[in-house]
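Please open the model in your viewer and keep the selection panel at hand. The stops below move from one chain to the other, with a word at each on what to select and what is there.

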Amino acid sequence: MYTDKVMENFRNPQNVGVVENANAKYTVGSPECGDIMEMSMRIEEDVIVDIKFRTFGCAAAIASSSMATQMLKGKTVDEAVKLKNTEVIDALGGLPPQKIHCSVLAEEAIRGAIEYYKNGRQE
Amino acid sequence: MEKRRVYLDYAATTYLDKEVLKEMSPYFTDVFGNANSQHLFGRDAAKAVAEARVKIAEIIGSKPNEIYFTSGGTEADNWAIKGIAAAYEGLGKHIITSAVEHHAVLETCKALEKKGFEVTYVPVGSDGVLDLKAFENAIRDDTILVSIMYANNEIGTVMPIQEAVAIVKKQNHRIYFHTDCVQAAGALDIDVNKSGVDLMSVSAHKFYGPKGIGFLYIKNGVKLDKLISGGNQERKMRGGTLNVPHIVGMAKAFELASLHREKNNAHIQSLRDGFIDRILSEIDNVYLNGSREKRLPGNANLSFEYIEGESLLMSLDLEGIAASSGSACSSGSLDPSHVLLALGIKIELAHGSLRFSFGKSTTRKDVDYTVDCLKDIVNRLRAMSPLFYQLPSKKTNV
């Protein structure tokens, strides 16, 4: 059902936790839906220097979070907002059709966090 | 910890007993005749089928001609419900079932709703046992059929079938009572004289028999329409060449299950109870779903708070342990179990529920290994869960 890449990221997820001194964070999903994804980042000079996640969800949700954080570390905020869920899926070697929404959740969490950062910076 | 392979999904299916396989084996190759053929090859096969029918009838306390072989539990459920509905729709178009039935019953009822039937889904209590008061209130003048499972497939709760039958027959003798006995057969005494049901579905692969075979008990005198049209098999009620080896295997498996029921149940229940006790005492925020007492001996259904069930299931799988989230038939879906929601369990807890079902080959080592793995996995997944951290009083052990 899952690719080796998904299982690898589920078994050994990267960047789990909460970034200290985060200046970008966002949570998407709800316990009722069975998925909650929380992203926190430290952004310096528009570059993501640290990024972590915590996820309540299925193996695909955890793997998507792990993969997305790996793809974004060291990237600029402009690059981050352009990250598409399909790129996360490709990096995972594919997701089952009923699990596509897990990658969408990752995309939304990242967008939300970046927005939080941009709004915070303006204030 | 040395890795093991542990099967704790006996409620989904069991392995075929070697003794059963041995009994079946000649009927694939040597005694291969069509049981409906008149010649000697056919007669040999027919004799085996007749013997199997007698064996099964003896176990459930029925007459042999009240046993109708089917392709399994789902067909038997479909036949009982659709067959009665079609035969008696002139008398009424109301059916009563429960909110926690297997999809084989629920989806059949939904299909009938589309054809103009009205279905009442009687609730269960928070213990997962049929609410008899609500059940009694659901009976109407135009009710023609009741279908209540003998024991639930997800949480293992045993329903008060005898009481429910008594309520129905006291009120209205014209209402037929069907029970989906798929989970209970093999584990419980399902004598139809004791329960008083009119129709009963059974599947062989839940009691170490082959897959793809089951039967519907139809009490003599109950008339229902056919589900499968065809030849003259099964007293002209169910077309299709009889699956002789599987029928022989089902009878043998049922005989063994019945013969060793007490011994098997004692073994299974003691392991299951030890498992539940260890989990509840060694892992925080875990809940047993469904009544602990009115429960099949091999079932444990637990909610692990702050964790989503599929990730728990996959983590167990990586350790070589097979359990189930919801029922195997619905585990591809993202919706939480209709059974757990019917118990009034919070939806996020329903998402974090797993069924562990024990069988006659389960060992103490299997149980201990599973609990040890679960403790690590639960800690690991909770450490990842934003729900767990949100509560200031909860500290992870990792």
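**Chain A as a whole**

Begin by selecting chain A, which, read along its sequence, follows the pattern α-β-β-β-α-α-α-α, where helices (H or I, at least four residues) and strands (E, at least two) are DSSP runs numbered from the N terminus. The radius of gyration of chain A is 13 Å, close to the 14 Å that the globule rule gives for 123 residues, so chain A is as compact as a globular protein of that length; this radius is taken over C-alpha atoms, and the globule rule is 2.2 Å times the number of residues to the power 0.38.

Before going further, note that this is a predicted model, in which local features need pLDDT of at least 70 and side-chain atom pairs count only at pLDDT 80 or more, while totals for chains, interfaces and linings use all residues. Residues are numbered from 1 along each chain as its sequence is written, and chains are lettered from A and ligands numbered from 1 in the order in which they are written.

With chain A still selected, its C-alpha atoms fill a box of roughly 45 × 30 × 20 Å, taken along the principal axes. Of the 123 residues of chain A, 46% count as buried, a residue being buried if 20 or more other C-beta atoms lie within 10 Å of its own, exposed if 12 or fewer, and partly exposed in between, with C-beta atoms placed from the backbone.

**The hairpin of chain A**

Next, select β2(A) and β3(A), which pair in the antiparallel sense over nine bridges; two strands are said to pair if DSSP finds at least two bridges between them. Along this pairing, M37(A) stands opposite T55(A) in β3(A), and seven of the ten residues of β3(A) are buried.

The two strands form a hairpin with two residues between them, and E45(A) lies in this loop between β2 and β3 of chain A. Is E45(A) buried or exposed? With 7 C-beta neighbours inside 10 Å, E45(A) counts as exposed. Its phi is near 50°, a positive value in a residue other than glycine. Most residues other than glycine have a negative phi.

**Where the chains meet**

Now show both chains and look at the contact between them, which takes 18 residues from chain A and 17 residues from chain B; two residues are in contact if their C-beta atoms, placed from the backbone, lie within 7 Å. On the side of chain A that touches chain B, α1 (4-11), β2 (35-44), β3 (47-56) and α2 (59-72) of chain A each supply at least two residues, and the largest share, three residues, comes from β3(A).

Select α1(A) and pick out its buried residues, V6(A), N9(A) and F10(A). These residues cover an arc of only 100° around the axis, which puts them on the same side of α1(A), the arc being that of the directions from the helix axis to the C-beta atoms. They pack against α2 of chain A together with α12 (309-318) of chain B.

Of the 398 residues of chain B, 51% count as buried.

Colour chain B by its division into domain 1 (6-15 + 260-390) and domain 2 (18-259), bounds that come from an automatic or database domain assignment. The C-alpha centres of the two domains of chain B lie 28 Å apart, and 27 residues of domain 1 of chain B are in contact with 28 residues of domain 2 of chain B. On the domain 1 side of this contact, the elements that give two or more residues are α11 (261-282), β10 (299-304) and α13 (338-342) of chain B.

**Last stop: β10 and β12 of chain B**

Finally, select β10(B) and β12(B), which pair in the antiparallel sense over five bridges, with S303(B) standing opposite S353(B) in β12(B).

In the loop between β10 and α12 of chain B, find Y306(B), which has a positive phi of about 75° although it is not a glycine. Y306(B) is buried, with 26 other C-beta atoms within 10 Å.
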